[in-house]
Amino acid sequence: MIDYMLGLIADSQDADVTLVPHDPLANDTFASNAAEVGLAWTLGHVIVHTTASSEEAAFLAAEIARGVPFRGGRARYEVPWESVTTIQQCRDRLEESRRMRLASLDMWPQPPHVENTYEPRPGLTHTCISRFVAGVFAR
């Protein structure tokens, strides 16, 4: 995922990071304040949100793999998107996220507790493996 995203931004420049696209359908129901609900996301915002979601999945997966019962709630930190203003910051954030996600796999016991599952919504059951992989498809 990181290599793919780095490829997508390979030719990007600093101006691309903070460009606010025109998106009349923008509706961020999880925005930190009401003024940002209709704000279209910048490239920097997309990078920090995607990496935060994937890291959250990786750390939850490590807990599940270690046999810790799923407790609900969030295990998330997102770099303030407004602070990411250069393409190098985007690349650095992606590489830091890669390092953190790979490190989380080193916390898994051998064998991992794949029998430890939870159901985030009816019809979807996660093991440590599926929880980690779901982070690759983070939005």
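This briefing describes the fold, cores, strand pairing, salt bridges and surface of one protein model.

The model is predicted: local features require pLDDT of at least 70, side-chain atom pairs count only at pLDDT 80 or more, and totals for chains, interfaces and linings use all residues. Residues are numbered from 1 along each chain as its sequence is written, and side-chain values rest on heavy atoms, with hydrogens and water left out. The protein has 5 helices and 2 strands, where helices (H or I, at least four residues) and strands (E, at least two) are DSSP runs numbered from the N terminus.

**Overall architecture**

- Along the sequence, the elements follow the pattern α-α-α-α-β-β-α.
- The C-alpha trace spans about 45 × 30 × 20 Å along its principal axes.
- Of the 139 residues, 37% are buried; buried means under 20% relative accessible area, exposed means over 50%, and partly exposed lies in between (1.4 Å probe, protein chains only).
- Among contacts with a separation of 6 or more, 71% are between residues 24 or more positions apart; a contact means heavy atoms within 4.5 Å.

**Nonpolar cores**

- The largest nonpolar core has 12 residues, among them Ile 2, Met 5, Val 17, Val 48, Trp 81, Val 84 and Leu 94.
- Helices α1 (2–8), α3 (43–65) and α4 (87–105) are the elements that give two or more residues to this core.
- Apart from this core lies another, of 9 residues, which includes Ala 58, Ala 61, Tyr 118 and Cys 128.
- A core of this kind is a set of buried Ala, Val, Leu, Ile, Met, Phe, Trp, Tyr and Cys residues joined through side-chain atoms within 4.5 Å.
- Val 84, a member of the largest core, touches Val 17, Thr 18, Gly 44, Val 48, Val 79, Gln 89 and Cys 90, residues up to four places away in sequence not being counted.

**Trp 81 and Thr 42**

- Trp 81 is found in the loop between α3 and α4 and counts as buried because its relative accessibility is 17%.
- Beyond its neighbours within four places in sequence, Trp 81 is in contact with Glu 36, Leu 39, Thr 42, His 45 and Val 48.
- The C-alpha atoms of Trp 81 and His 49 are separated by 7.9 Å, although the two residues are 32 residues apart along the chain.
- Thr 42 is found in the loop between α2 (14–18) and α3, and its relative accessibility of 5% makes it buried.
- Leaving aside neighbours within four places in sequence, Thr 42 is in contact with Val 17, Thr 18, Leu 19, Val 20 and Trp 81.

**Strand pairing and backbone**

- Strand β1 (residues 118–121) pairs with strand β2 (residues 124–126) in the antiparallel sense over 2 bridges; strands pair if DSSP finds at least two bridges between them.
- Arg 121 stands opposite Leu 124 in β2.
- The hairpin of β1 and β2 has 2 residues between the strands, and Gly 123 there takes a positive phi near 90 degrees.
- Gln 110 and Pro 111 are joined by a cis peptide bond with omega of about 0 degrees, and Pro 111 is placed in the loop between α4 and β1.
- Most residues other than glycine have a negative phi, and most peptide bonds are trans.

**Salt bridges**

- The structure holds 9 salt bridges, each a side-chain nitrogen of Lys or Arg within 4 Å of a carboxyl oxygen of Asp or Glu.
- In one of these, the side chains of Glu 55 and Arg 93 meet at 2.9 Å, N to O. This pair links distant parts of the chain, with Glu 55 in helix α3 and Arg 93 in helix α4, 38 residues apart.
- Both Glu 55 and Arg 93 are buried.
- Arg 98 forms a salt bridge with Glu 95, the closest N and O atoms being 3.0 Å apart; both lie in helix α4, 3 residues apart, about one turn of the helix.
- Arg 98 is partly exposed at 22% relative accessible area, and Glu 95 is partly exposed at 37%.
- Glu 96 and Arg 99 form a further salt bridge at 3.9 Å, N to O. Glu 96 is partly exposed at 34% relative accessibility, whereas Arg 99 is exposed at 52%.

**Surface**

- The protein exposes about 8400 Å², of which carbon and sulfur atoms supply 58%; accessible areas come from the Shrake-Rupley method with a 1.4 Å probe, and for residues only the protein chains shown count as cover.
- Val 114, Ile 129, Val 133, Val 136 and Phe 137 form a nonpolar surface patch with about 440 Å² of accessible area together.
- Patches are made of residues with over 30% relative accessible area and no salt bridge, with like charges joined within 9 Å and nonpolar side chains (Val, Leu, Ile, Met, Phe, Trp, Tyr) within 5 Å.
- Val 136 is placed in the segment after α5 (128–134) and is partly exposed, with a relative accessible area of 36%.
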